[in-house]
Amino acid sequence: MTVKNKKQFGVWMDTHHASIVGRTGDDVQAFVLLGHVKNQGPGSNSNENAANNLEQALMHKFFKQISSYMQNAEEVHVTGTGTVQEQFKKYMAETPQFKNTVVQESTSNKMSDERLMEFINQKFS
């Protein structure tokens, strides 16, 4: 009997940084760090409308970079500070690639990559 392993990922994020962990094809038991993504944020802009549009475009690019690490994701747990996890969850719901992905979220303080891997492992065990 074969057991199908789900493609599970975890993301810790705030508005400027994200750490992505997932299971590799070799070792389906352990989560490993897949990468880090930074959102530089908009610079100064004299026009409020242009600044808002730039901020939204940069956030969309940030989310797209994060999701590039999670090909064929079946389950994702998003954690971090602030409300950016909710925005990312909404982005995933509106993206056809993640239409059938189960997304959970929680709030947590900044943690090391090792602690993130332990945390996500607990969430999926």
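Helices (H or I, at least four residues) and strands (E, at least two) are DSSP runs, numbered from the N terminus.

1. Basis. This is a predicted model, in which local features need pLDDT of at least 70 and side-chain atom pairs count only at pLDDT 80 or more, while totals for chains, interfaces and linings use all residues. Residues are numbered from 1 along each chain as its sequence is written, and side-chain values use heavy atoms, with hydrogens and water left out.

2. The sheet. Five strands form an open sheet in the order β3-β2-β1-β4-β5, with mixed pairing (two strands pair if DSSP finds at least two bridges between them). β3 (31–38) and β5 are the edge strands, each pairing on one side only. From one strand to the next the twist averages 20°. Helix α2 packs on this sheet and touches β1, β4 and β5. The direction of α2 makes about 175° with that of β5. Axes here are lines fitted to C-alpha atoms, for helices over the stretch in contact, and angles run from 0 to 180 degrees between N-to-C directions.

3. Partners of β1. Strands of a sheet pair through backbone hydrogen bonds, either parallel or antiparallel. β1 (residues 8–13) pairs with strand β4 (residues 75–80) in the parallel sense, over 6 bridges. In that pairing glutamine 8 stands opposite glutamate 75 of β4. With strand β2 (residues 17–23), β1 pairs in the antiparallel sense over 5 bridges, and phenylalanine 9 stands opposite glycine 22 of β2. A hairpin of 3 residues joins β1 to β2.

4. Burial of β1. Strand β1 is mostly covered, with 6 of its 6 residues buried. Buried means under 20% relative accessible area, exposed over 50%, and partly exposed in between (1.4 Å probe, protein chains only). In a regular strand the side chains alternate between the two faces of the sheet. Gln8, Gly10 and Trp12 point one way from β1, and Phe9, Val11 and Met13 point the other way. All of these residues are buried.

5. Packing of α1 and α2. Two packed helices are described by the angle between their axes and the distance between the axes. Helix α1 (residues 48–67) and helix α2 (residues 84–94) pack at about 70°, with their axes 11 Å apart. That makes α1 roughly perpendicular to α2; angles under 35 degrees count as roughly parallel, over 145 as roughly antiparallel, 65 to 115 as roughly perpendicular and the rest as oblique. On the α1 side the contact (heavy atoms within 4.5 Å) is made by Met59, His60, Phe63, Lys64, Ile66 and Ser67. On the α2 side Val84, Gln87, Phe88 and Tyr91 take part. By class, the contact of α1 with α2 has 6 nonpolar, 3 polar and 1 charged residues. Ala, Val, Leu, Ile, Met, Phe, Trp, Tyr, Cys and Pro count as nonpolar, Asp, Glu, Lys and Arg as charged, and the others, Gly among them, as polar.

6. Side chains of opposite charge can pair when their charged atoms come close. The structure holds 4 salt bridges (a side-chain nitrogen of Lys or Arg within 4 Å of a carboxyl oxygen of Asp or Glu). One of them joins glutamate 105 to lysine 89, with the closest N and O atoms 3.6 Å apart. This pair links distant parts of the chain, since glutamate 105 lies in strand β5 (residues 102–107) and lysine 89 in helix α2, 16 residues apart. Glutamate 105 counts as partly exposed at 31% relative accessibility, and lysine 89 also counts as partly exposed at 31%.

7. Salt bridges within helices. Glutamate 94 and lysine 90 are both exposed. In helix α3 (residues 113–124), glutamate 118 and arginine 115 are 3 residues apart, which means a separation of about one helical turn. Their closest N and O atoms are 3.9 Å apart. Glutamate 118 is partly exposed at 46%, and arginine 115 is partly exposed at 35%.

8. A backbone point to check. Asparagine 72 has a positive phi of about 55° although it is not a glycine. Asparagine 72 sits in the loop between α1 and β4 and is exposed, with a relative accessible area of 56%.
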